[in-house]
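Have a look at the model below, and then read on.

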Amino acid sequence: MKYQNFFDVLELLKKYDTYVHVGKRLWDIEFAALEIDNMWRSGLIDNADYAKIKLVLAHEQEVEVKRERGY
């Protein structure tokens with residue numbers, strides 16, 4: 001599967017009955033990152049997908065922080 005944005009990551013999490021909605025987009029991204037870490041440690045996702053997903057989440061987090069700061 002191609003992981004290109006936060007929605008793709010959320011769809012992966014949904015496949016494992018993990019729904020992310022904390023109430024603030026930045027918190028959602030951070031919580032999703034924790035869940036992805038747990039899935040990787042459990043062997044549910046391979047190293048290549050893990051690396052792609054972490055890059056997507058890092059990018060989304062950077063964009064959201066800039067948006068909140070008004071950049």
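## The buried side of helix 2

In helix 2, the residues Leu26, Asp28, Ile29, Ala32, Ala33, Glu35, Ile36, Asp37 and Met39 are buried (under 20% relative accessible area with a 1.4 Å probe, protein chains only; over 50% is exposed, and in between is partly exposed). Helices here are DSSP runs of H or I with at least four residues, numbered from the N terminus. Their cover includes helix 1 (6-15) and helix 3 (47-69), with contact meaning heavy atoms within 4.5 Å.

This is a predicted model, where local features need pLDDT of at least 70 and side-chain atom pairs count only at pLDDT 80 or more, while totals for chains, interfaces and linings use all residues. Residues are numbered from 1 along each chain as its sequence is written, and side-chain values use heavy atoms, leaving out hydrogens and water.

## Meeting helix 1

The axes of helix 1 and helix 2 come within 11 Å and cross at roughly 50°. Axes are lines fitted to C-alpha atoms, for helices over the stretch in contact, with angles from 0 to 180 degrees between N-to-C directions.

From helix 1, Phe6, Val9, Leu12 and Leu13 meet residues of helix 2 including Ile29, Ala32 and Ile36.

## Arg25 and the other end

Arg25 belongs to helix 2 and, at 36% relative accessibility, counts as partly exposed. Not counting residues up to four places away in sequence, Arg25 touches Phe6, Glu60 and Glu64. Just after helix 2, Gly43 takes a positive phi of about 85°.

Key
Helix = DSSP H or I, 4+ residues; strand = E, 2+ residues; numbered from the N terminus.
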